Amino acid sequence: MDFKKILFKSSEIDVDKSLPDAVIFINKDCKIQWVNDIAADIFDTSKMHLMTSFIYDFTENAQNLISTALVKNKPIITKLSEKEIYFDMTVRSIDEGYVLDFREASDSNTSNVNSNDKDVEINHDKNESHKVD
């Protein structure tokens, strides 16, 4: 599959260098199909390693977050596995699976996130979380 044609009408554009965010294409089973250079940087691994992995190997609660982002049609705060780094993850459905866009989390101190099937409010300044009623 030619992901450049999905993103751009001209295949002459270097997709890896032109997108400001980390972009990952996954299939419906969450297997990573394509990543740009920034994705490899933020996940601190090679593009080849990413493309032989599943998205849930790198983000906490990925499948539930993807579903929530699609339903709410807005970015969801997600945490990288094994790191204290948070990103706004935007999800778009395509025929082949999903396009995930990761952007550094906004400067707001509190964001809602769906974690382990519970709504959790995370205070990034104090690194605390509690259930939202």
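I looked up the backbone just after helix 5 and found N73 with a positive phi of about 55°. Helices here are DSSP runs of H or I with at least four residues, strands are runs of E with at least two, and both are numbered from the N terminus. The model is predicted, so I noted its limits: local features need pLDDT of at least 70, side-chain atom pairs count only at pLDDT 80 or more, and totals for chains, interfaces and linings use all residues. Residues are numbered from 1 along each chain as its sequence is written, and side-chain values use heavy atoms, without hydrogens and water.

Next I listed the buried residues (under 20% relative accessible area, 1.4 Å probe, protein chains only) of helix 5, residues 62-72: A62, L65, I66, T68 and A69. They lie on the same side of helix 5, because they cover an arc of only 165° around the axis, taken from the directions from the helix axis to the C-beta atoms.

Five strands form an open, antiparallel sheet in the order 2-1-5-4-3, where pairing takes at least two DSSP bridges between two strands. Strand 2 (32-35) and strand 3 (76-79) are at the edges with a single partner strand each, so one side of each has no neighbour in the sheet. I found four bridges between strand 3 and strand 4 (residues 86-94), and I77 opposite D88 in strand 4.

Last, I checked the totals. The protein chain has five helices and eight strands, and 39% of its 133 residues are buried.

Definitions and conventions: Buried < 20%, exposed > 50% of the residue type's maximum accessible area, 1.4 Å probe, protein only.
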